[in-house]
Structure formats: structure tokens, C-alpha cells
Amino acid sequence: MSMTVEEAGVERPGFPKPFPNTPSNVLEQFQMKGKVTVVNGAADGIGLAVAYAMAEAGGNVALWYNSNHAAITRAEEIAKEFGVKTKAYQVAVENADAVEKTMDEVVNDFGKIDVFVANAGMAISKPILEQTLPEYDKQMSVNVNGVVYCAKFAGHHFKRQGFGNLIITSSMSARIVNVPIDQPIYNGTKAFISHFGKSLAHEWKDFARVNIVSPGFFDTKMGAGEKVINEAYRMTPLGRQGHTKEIKGLYLYLASDASTYMTGSDVLIDGGYCLP
Ligand SMILES: NC(=O)c1ccc[n+]([C@@H]2O[C@H](COP(=O)([O-])OP(=O)(O)OC[C@H]3O[C@@H](n4cnc5c(N)ncnc54)[C@H](OP(=O)(O)O)[C@@H]3O)[C@@H](O)[C@H]2O)c1
């Protein structure tokens, strides 16, 4: 119900909140020195690019992986190359106990969590009439439950710390129906986490920011497969998939003090795919 102009004009205690005590120099705002970022799905693809982005900006990184043990070597390489602290952790995001335990381990090892990037995901792209119920359950458990568990257990630390920053990797498939292969369950899981992220941005407004990244086609294992690649090129105004180096800046922006006035945003990065 709307207020009258007189009612709306009443001063409310605690407002306006103060501006953040952050550098005015934009390159300094992007610095991650002293900050701790956790990235899941970090062994390869977008997650690995994000881990590099944080380290290149001077930040410490916890790399979570599921089955790809290359994360261990990548963590060692990143630490050596950029002189930051890193560690790899194996955790299946659909296992709530494992997520909670690993979150606590990271806090023990690194002292805090400044940023959590909930990036792990998977797809079994089929029409619903061909999709088995176990395939449905699997996608829900990783893409939905996994994000919910990571957000919940990171969120407890954010609240206790009094600061935090959650970035969720969703997809353009949260807002468009991808063609030519129907994949309603994958699309639905991504729509859930986009709206979940926006809802958390409101719930956590006093201690943490939450934003969503919605990629179009990127050249990774989950990028456009053989059957859709030509249609992906045709439908994307830039005429190609994205390279993972082209998404690093967006995650760094959202993770860093360059984006302190941004929360609840869902940023599309799709080479223009969703334009027409
Ligand atoms: N590439 C694209 O075109 C595109 C477009 C839109 C959205 N996305 C999203 O971007 C995110 C990253 O995907 P990507 O493109 O970088 O492909 P990717 O290299 O295959 O990354 C997916 C990651 O998710 C992890 N993962 C899968 N199941 C898991 C589980 N049960 N527990 C923990 N981690 C699990 C994998 O870990 P392991 O390898 O260690 O098992 C893998 O590192 C996904 O959420 C995806 O939906 C990608």
C-alpha cells in the first residue's frame, strides 16, 4: 500500500547509510589483496578463469572441485605464479554436510570468506518427455540444491563476519528458451537460482551483497555441443562463443570494491544472444 507524500517524507533513523570506505581510484577498487574468494567448479572452464581473475588481482583463492583433480595442480600453479594463498578442496555440492564442513574448513584455513562464487553446474539436455526422473533429480540436486547449500552455509559465515559477497553463475537459459535442443529442466534450474539470488540480496541487505552472472555460450565443456554449435554461432550477434578470459572481468568487478553499490543484479554476458 502506498504512503501519502507527508507519510513518505518522514525521516527514518539509520538513513541514509554511509558511503563505503573504499578507494576512489578505480584500479585500486579492483584490488583483491587480503581478500578470500571461494570458487566451486574451479578445476576448469569459467570457474578456473574466475580463480585466476581473483589471484591476478592479488586475492587468495579456495578452489572447490568435484571429480576433476586438476584443481589441486591448478591451485599450486596459481599460488606460485601470483604469490597468493590457495588450496583445493573436493566437495560434491549436492551433499549438504560436505558443503557445510568444507565451508568451515576454508574459514579455518583462510580466516574468513569475503566472496563465494557458486559456479558449479551440469546439464543433461533433453526434452522433458525423454528425460528420466533420475536425470531430473540429478540436475536439481547439483544446480538448485548445490547453490542453495553453498549460499546457506556461506551466508551463516557472512552474517557472523558482518560482510560477504555471493556471486551465482546462472545462465541466459534462465530467461530464454534455448534452441534447438529443448532442455526445460536445466533452464528451470537456472531460473530458480537467478530469482533465489535476487531474493537473497534483499534478505542479506545488512551484511552481504548478492549478484548473478548469466552467461551465454562460452567455449567450455558445458558450452555449445556438436548439435547446437552452428545455431549458437548464427544466433549470437558476435558470431562466436565467448572465451573464458572474456568473463573474468565481470566476476572480478562483482567480487571487488568496484561494485559496492551493486546487489541483486543479474548480469547477462552473451555476445548479444538474447537481443532479438
Ligand atoms: N559454458 C557455457 O556455455 C555456459 C553457459 C551458461 C551457463 N554456464 C554455467 O557456467 C557454470 C560453469 O560451467 P562451465 O561452462 O565452466 O563448464 P565446466 O568446465 O564443465 O564446469 C562445470 C563445473 O561444475 C562442477 N560440478 C559439476 N557437478 C558438480 C557437483 N556435483 N559438485 C561440485 N561441482 C560440480 C564440475 O566439477 P568437476 O569437473 O570437478 O566434476 C565443473 O568444474 C555452470 O554452472 C554452467 O551451468 C555455462
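This is a predicted model: local features need pLDDT of at least 70, side-chain atom pairs count only at pLDDT 80 or more; totals for chains, interfaces and linings use all residues.
Okay, let's start with a definition: two residues are in contact if their C-beta atoms, placed from the backbone, lie within 7 Å.

Residue numbers start from 1 along each chain as its sequence is written.

So, the sheet. It's open, with seven strands in the order S3-S2-S1-S4-S5-S6-S7 and parallel pairing; pairing here takes at least two bridges found by DSSP between two strands. At the edges sit S3 (86–90) and S7 (266–269), each pairing on one side only. From one strand to the next, the twist averages 15°. Angles, by the way, run from 0 to 180 degrees between N-to-C directions, and axes are lines fitted to C-alpha atoms, for helices over the stretch in contact.

Zooming in, S4 (residues 115–118) and S5 (residues 165–169) pair in the parallel sense over three bridges. Which residue in S5 is the bridge partner of Ala 118? That's Ile 168.

H6 (133–161) touches S1 (36–40), S4 and S5, and its direction makes about 175° with that of S4. H4 (residues 70–82) lies across S2 (60–65) and S3, running at about 170° to S3.

Next, two helices meeting each other. The axes of H3 (residues 45–56) and H9 (residues 248–255) come within 9 Å and cross at roughly 55°. That makes H3 oblique to H9 (under 35 degrees would be roughly parallel, over 145 roughly antiparallel, 65 to 115 roughly perpendicular, and the rest is oblique). From H3, Ala 49, Val 50, Tyr 52, Ala 53 and Met 54 meet Lys 248, Tyr 251, Leu 252 and Ala 255 in H9. That contact divides into eight nonpolar residues, no polar and one charged. For the record, Ala, Val, Leu, Ile, Met, Phe, Trp, Tyr, Cys and Pro count as nonpolar, Asp, Glu, Lys and Arg as charged, and the others, Gly among them, as polar.

Last stop, the ligand. It has 29 residues around it, the closest being Gly 41, Gly 45, Asn 66, Ala 120 and Gly 121; the cut-off is a C-beta atom, placed from the backbone, within 6 Å. H3 gives the largest share of that shell, three residues. Overall, the shell has 12 nonpolar, 14 polar and three charged residues.

Methods:
Helices (H or I, at least four residues) and strands (E, at least two) are DSSP runs, numbered from the N terminus.
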